[in-house]
Amino acid sequence: MADIIDNSVTSGAGRVEVLAETTTDEPWIAIVDDGSGMTEAELIEAMRPGSKNPLAEREGHDLGRFGLGLKSASFSQCRQLTVISRRDGHTSGATWDLDKVAKKNVWNVDLEDDLHGLPAVDRLPETGTIVLWRKLDRLSTNFRHDTAKRSAEINKALSGAERHLRLCFHRYMEGSRPKLKLLLNGRLLAPNDPFATTHKATQVDPEEVLPLVRGEVVTQCYTLPHHKMMSRAEWEELGGPEGHLRSQGFYIYREKRLIIAGSWLGLARQTELTKLSRVRVDIPNTMDADWKIDVRKASAQMPPIVRERLRKIVERLQGTSKRTYQRRGRKLVSEENLPLWNRIQKDGGIVYRPNIEHPSIKGFSDLLPEEFRHGFRACITLLGSGLPVAALHADMLGGAESVESDRSDFADLSEMAETAIRELLKTGMTGSEILKTLCSTEPFVNHKDSVRQLAEEIEQGEH
């Protein structure tokens, strides 16, 4: 569909509607635009495979490449392609039917003499084009004889296509006066901005321009907000179906049309600590050969001179992303605070151990009879050794933001808090110092008022 809409954009369309009828015995999908339309001669030429020379100079708004998009994209989804176009009051139609081609072994395109009765033909604007897909065998391979299941399968594919189109053409769809309006069965689609540019917490670097022989490469770096600063719906929308870990990296745009989403192209690894990093890269259509843009406009290779420039940009951006992502975690390992877990570097790895010197643990241990203290500390050590690292690793890869500590009510923590407060008072700390230290980390960070009140009561009791 994106390839079809490329042609619509090139023809000056401001509105493209995807229409789908999936519940009939002969389902169909139509892409209708209000572009400049074609004459019959232009339509026949457009139906010819390889109708454009990829080396020919193109207009700046031309999203085409080889002249194969209409045909190859359509035949990847259907066996029957019909294109209906209207210009200057004259309407033309032509059809490729792969069943006829296979039967006669002759590649002849059929001109439509009678357009009445063709699906969606009544939706054709005064000037514009309809691309009609019928015989949707590629979309209903598993359920050709089950109408309900076939319909569900096609609708599922349409849902995935909707998200792809919202992302692919988001820069055309943005703003109060967008260049392009996309609709699906009458419903206006909203753009999906992968950089969250309208969010106040998004960090945006200035644009950097690299002038080359065949045009300019423009890059701009973004660091997304921490997930705690966004709603769950916003966060999931940004991450997409594969999540934020797979969505980091370069977003390559050719004439503002997205062709690669979320890849470091070999310049960096996708890691949890850099998943907030995204780089917008704009290239003109004059650099297709340099970037080795493929027929589907779905892959590219960075020219060496661009690769070296972007390598330094990536290193700088990753540092920003790591600081943003770790800002809540650093408190957990700060020596000035009292974490329940210690983070220890050991033999090139990282080990987490319960902090047996935490005043809650140490205070409780001191209250035990001497013969029980060793066993108590052994139990705490056993709990640390049993940390389910493999399960945590799997959960973090699936979405670190969904992994949370168990939120306990203060009633469950009050005895532990009292023990810690009394232990810290022995060191000469004041109530305000105890509050600042004890409530800097879990599990007391969410119970500051309760800890303050308890500390004041204990201090008054001491005096």
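Predicted model: local features only at pLDDT ≥ 70, side-chain atom pairs only at ≥ 80, totals over all residues.
User: Which parts of the chain does the pair of Phe195 and Tyr222 link?

Analyst: Helices (H or I, at least four residues) and strands (E, at least two) are DSSP runs, numbered from the N terminus. Phe195 is in the loop between strand S8 (187–188) and strand S9 (203–204), while Tyr222 belongs to strand S11 (residues 215–223); the two are 27 residues apart, and the pair links distant parts of the chain.

User: Are Phe195 and Tyr222 buried or exposed?

Analyst: Buried means under 20% relative accessible area, exposed over 50%, and partly exposed in between (1.4 Å probe, protein chains only). Phe195 has a relative accessible area of 2% and is therefore buried; Tyr222, with 4%, is also buried. Another pair, Phe364 with Phe376, is tilted, at 5.2 Å centre to centre and 55° between the planes. This pair likewise links distant parts of the chain, with Phe364 in helix H10 and Phe376 in helix H11, 12 residues apart. Phe364 has a relative accessible area of 35%, so this residue is partly exposed.

User: Which residues form one aromatic cluster, and what lies over the face of Tyr253?

Analyst: The cluster consists of Phe195, Tyr222, Tyr251 and Tyr253. A charge sits over a ring if NZ of Lys or CZ of Arg is within 6 Å of the ring centre and within 35 degrees of the ring normal. Arg171 lies over the face of Tyr253, 4.6 Å from the ring centre.

User: At what angle do H10 and H11 pack?

Analyst: Two packed helices are described by the angle and the distance between their axes. Axes are lines fitted to C-alpha atoms, for helices over the stretch in contact, and angles run from 0 to 180 degrees between N-to-C directions. Angles under 35 degrees count as roughly parallel, over 145 as roughly antiparallel, 65 to 115 as roughly perpendicular and the rest as oblique. Contact means heavy atoms within 4.5 Å. H10 (residues 359–367) packs on H11 (residues 370–385) at an angle of about 150°, with the axes 8 Å apart. The two helices are therefore roughly antiparallel to each other. H10 contributes Ile361, Lys362, Phe364, Ser365 and Asp366 to the contact, and H11 contributes Arg373, Phe376 and Arg377. These residues comprise three nonpolar, one polar and four charged, where Ala, Val, Leu, Ile, Met, Phe, Trp, Tyr, Cys and Pro count as nonpolar, Asp, Glu, Lys and Arg as charged, and the others, Gly among them, as polar.

User: Which helices do the buried residues of H10 pack against?

Analyst: The buried residues of H10 are Pro359, Ser360, Ile361, Gly363 and Ser365, and they pack against H11 and helix H13 (410–425). The axes of H10 and H13 come within 8 Å and cross at roughly 85°, which means that H10 is roughly perpendicular to H13. On the H10 side, Pro359, Ser360, Lys362, Gly363, Phe364 and Asp366 meet Met416, Thr419, Ala420, Glu423 and Leu424 of H13. The contact of H10 with H13 involves five nonpolar, three polar and three charged residues.

User: What is the phi of Asp88, and what is that of Asn185?

Analyst: Most residues other than glycine have a negative phi. Asp88 has a positive value, near 55°, and Asn185 has a positive phi of about 50°. Asp88 is located in the loop between strand S3 (80–87) and strand S4 (90–97) and is exposed at 73% relative accessibility. Asn185 occupies the loop between strand S7 (181–184) and S8 and is partly exposed at 44%.

User: Where does Gly35 lie, and what is it in contact with?

Analyst: Gly35 lies in the loop between strand S2 (28–33) and helix H2 (40–46) and is buried at 4% relative accessibility. Leaving aside neighbours within four places in sequence, Gly35 is in contact with Ser11, Gly12, Ala13, Thr127 and Gly128. The C-alpha atoms of Gly35 and Ser11 are separated by 5.0 Å, although these residues are 24 apart along the chain.

Key: Residues numbered from 1 in each chain as written. Heavy atoms only, no water. Phe/Tyr/Trp six-rings, centres within 6.5 Å; stacked < 30°, edge-to-face > 60°.
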